[in-house]
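User: Hello! I am new to this structure and would like to get to know it. Could you show it to me and take some questions?

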Amino acid sequence: MKPLKIREIVIGKALDPLKSETRHSLALVAFLAWVGLGADGLSSSAYGPEESFRALGQYTHLGLYLALATALTVFIIALAYNQVIELFPTGGGGYRVATKLVGPYLGLVSGVALILDYVLTIAISIASGVDALASMLPLGFQPYKLWVEAICIGILIVLNLRGLKEAIRILLPIFLGFVATHLVLILYGVFAHAGHFPSLVPDTLAETGRLADHIGWSGVAAMLLLAYSQGGGTYTGLEAVSNNVNMLAEPRVRTGKVTMIYMALSLAFTAGGIFLLYLLWDARHVDGQTLNASTFRIIIASLSIEAKWINDLMLMVVLAFEAGLLFVAANTGFLGGPAVLSNMAADSWVPHKFRYLSTRLVTQNGILVMGLAALAILFWTQGSVTLLIVLYSISVFLTFAISLFGLCRYWWRHRSRLDHWKRRFLLSLAGFVICFSILCVLLAEKFTTGGWATALIIAAMSALCIYIRNHYRDTKEAIRTVDQIFANQPFGTETGEIVPDPANQTAVFIVGTSRGGGLHALLWVQRMFPEHFKNFIFVNARTVDSHAYGGEGAVEQMRAEADATLRFFVDFCRSHGMAASSRLGFGTDAVQEVTRLCFEISKQYPNAIFFTSKLIFEQDNWFIRLLHNQAALAVQRRLHFDGLQMVILPMKV
C-alpha cells in the first residue's frame, strides 16, 4: 500500500482551504464548543475538589466554605474572560491580552505559560482518566497505568490530525453521558440527605468557631486559603474559549459568551455539588480509588439494590463516563495549544512552521509537539496527578493573573470614554486578586514539590523564544537591506505586453514576498547567461496558514499582495523588452503547490529551467535550519527526481 494511501486512511483526505464552505463546516456552534473547549473546565471536577478536600485533613466541615468559594470563583473568572472575548474576537486569549494590554514580554510569559498549561491539560486529564478507570480494577493494574496513558495520548493525536469536528463528534456521547450521570448522582446524593440541610450551616459555623479557639482565626483562614489554592485546578479550562474564538461559528463573540455561560453553570454546579457530596456522605480515601469513586460507590450502595453486580455496573458506567470526559478534556489541549503556538509564531516567538496547516486544515506541527511534550511530562512525573496538578495550577494561574491585570489596566486607562468602566474594572480586579493570591500561595507552599520545575520550564522556554525572535528580527532586517539594494533598479521604457513563446528557452523564477530576492535571481541569470533566455516566468505559492484561514478576508488580502508582487516582476521584465508572465497558487503546503505549478509550466514550456534564491547564514546549524522551512531544497529534490532542472542561487544574509 502506498504511503499516501496509508496517510489518507489514518488522518483522512485533503480538504480545499479556499472553499468558503470548508471554513464554515469546521466552525463550532456554542454547543459543540462547550463539548470541545468546555470539557477541560468541567472535567477538572474529577480532581480539583478532591485535592482541596484532602488538604483540609480531618477538618472536613470547612468543605462547605470551599463549595461556595468554588462556585463564586468560577463565575468571576468566566465573566472576566467574557471581556477578553469582547476585546479580542479573533482569538489568542491570554497571550493576546497580555501582549496588547501589558507588553510583548509579559505576553511572551503568558503565552509560554499557556502552552505549558495545555500540555499539562493533556497529561493530567489522561492520568486522572486512567485513575478513574483503575478505581474499578484490582490493585494489580496500577503498574500498567502509565503505558495505558501513553496509548490514550497516541489515539488523541491521530483523532486531532484527522480534524477538529471528527474528534468532537466521536467524543460527544461521552461528554453527554458524563453530564447526565453526574447530574443524577449529585441531585440524588444531595436530596437524599436533605434532612441535614437545616443543621448544616449552624453546625459548620459552630465547628469553625471551635477550631478557631484552638488555632486562631488566622490559622483557619490560612488552612482555607491553602486548600482553596490547591484546588486551583478546578478553574483551569475556563480560558479555552477566549483562546480559540477564531474556531467558533459566527457571530463569534456571541457564540463565545454563550459557551462561557454553559461552562460556568456546568462547572459551578458539578464542582460545588461534589464538595457537598463529600460532606454529606463522609467521604474517605480508599487505596487505589479516587475520592469521587469511593464517594459514588457509597451513594450507589445506598439505593438498596440487592444484586451487587448491578451496583458495580452502575459505578462502572459513572466512572467510565468520568474517564471519558477527562479524555475529551485532554483533547482541549490539542485544540488550544496549537492555537497559542500559531499566535506566537505570527509574532516570531516560535518557529513560523507552527502556523502551517496540514491537508486536513489543522495545525499539524502544533498537535504533534503538544502530544510529544505531554508524553514526556507524563513519563517524568510517572503519571502522578498530585504532582501534575501543582505544575498545572501554577502555569494556568500565572496566565490568569497576567490577563486580568491587563484588563484592569485597560479599563482604568480608558475610564474617561467607556461606559460602565467601574463595573468592568471591579470585576477584572476581583478576578486578578483571586488568581494572584492562588498563584502566590501555590508558589510558596509547593515550590519544593514541583513549583520550581514550573518556574524553570517557563523561564527556559521564554529565553528560547527570545533567541528565536531575535534571529527572525535580524533575518528580516537583512532581507530588508537586500530589498533596498535592488529597489533602485530602473524600469525600462517599453510598455507593450510581450507574450512568452513556448518554443523558446524559458527561465522560471520561484519568488516569495521579497522583491529583492527575485531581482537578485533575475539579474544573476541575465549576467551569467546573456541573451540565452527569451521567456521569464515568475511563480509564487502562498501558504494558507492558520491565520490566513481563520481571519475574515485574510485570504483575499494575501491574494492581492501576491498579485502585486508578481505584477512587479512581470512589468519590470516587459519594460526591458522581455517576454514575461506569472503563476500564482495557494495551498497548505508551499513545497507541494510550487512543485505542482512547476510541473504544469514544464509541460507548456519544455525548454524551461527553474531558479530560486536561498538564504545563506554565516553561522548555519540544525537549529537555524529548523527555523526556516528549507523549501528551496525540497522543491529542487522533487524536480530533479522527475528530470527537471533547477538551480538554487545563494543569497547571503
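Analyst: Happy to! One definition to begin with: a residue is buried under 20% relative accessible area, exposed over 50%, and partly exposed in between, using a 1.4 Å probe and protein chains only. This is a predicted model, where local features need pLDDT of at least 70 and side-chain atom pairs count only at pLDDT 80 or more, while totals for chains, interfaces and linings use all residues. Residues are numbered from 1 along each chain as its sequence is written, and side-chain values use heavy atoms, with hydrogens and water left out.

User: Is Thr-449 buried, partly exposed or exposed?

Analyst: Thr-449 belongs to helix α18, residues 421-487; helices (H or I, at least four residues) and strands (E, at least two) are DSSP runs numbered from the N terminus. Its relative accessibility is 42%. That value lies between 20% and 50%, so Thr-449 counts as partly exposed.

User: Which residues is Thr-449 in contact with, leaving aside neighbours within four places in sequence?

Analyst: Contact means heavy atoms within 4.5 Å. Val-390 is 59 residues away from Thr-449 in sequence, yet their C-alpha atoms are 8.1 Å apart in space. Setting aside the neighbours within four places, the contacts of Thr-449 are Leu-387 and Val-390.

User: Which element of the protein chain has the lowest mean pLDDT?

Analyst: pLDDT is the predictor's confidence in each residue, from 0 to 100. The protein chain averages 79, and 85% of the residues score at least 70. Among the elements, strand β1 (residues 506-510) has the highest mean, 90. The lowest mean, 43, belongs to helix α2 (residues 20-26).

User: What percentage of the residues in the protein chain is buried?

Analyst: The protein chain has 653 residues, and its secondary structure comes to 24 helices and 5 strands. Of contacts between residues at least 6 apart in sequence, 82% join residues at least 24 apart. The buried share of the residues is 54%.

User: How are the rings of Phe-529 and Phe-533 arranged?

Analyst: Rings of Phe, Tyr and Trp (its six-membered ring) pair if their centres lie within 6.5 Å; planes under 30 degrees apart count as stacked, over 60 as edge-to-face and the rest as tilted. The structure holds 22 aromatic pairs. For Phe-529 and Phe-533, the centres are 6.0 Å apart and the planes stand at 85 degrees, so this pair is edge-to-face.

User: How far apart are the ring centres of Phe-568 and Phe-569?

Analyst: Both Phe-568 and Phe-569 are buried, and ring pairs link them into a cluster that also includes Phe-529 and Phe-533. The planes of Phe-568 and Phe-569 lie at 70 degrees, so the pair is edge-to-face, and the distance between the ring centres is 5.5 Å.

User: Is Ser-581 buried or exposed?

Analyst: Ser-581 sits in strand β3, residues 579-587. Not counting residues up to four places away, Ser-581 touches Pro-500, Phe-536, Ile-537, Phe-538 and Val-570. Its relative accessibility is 18%, so Ser-581 counts as buried.
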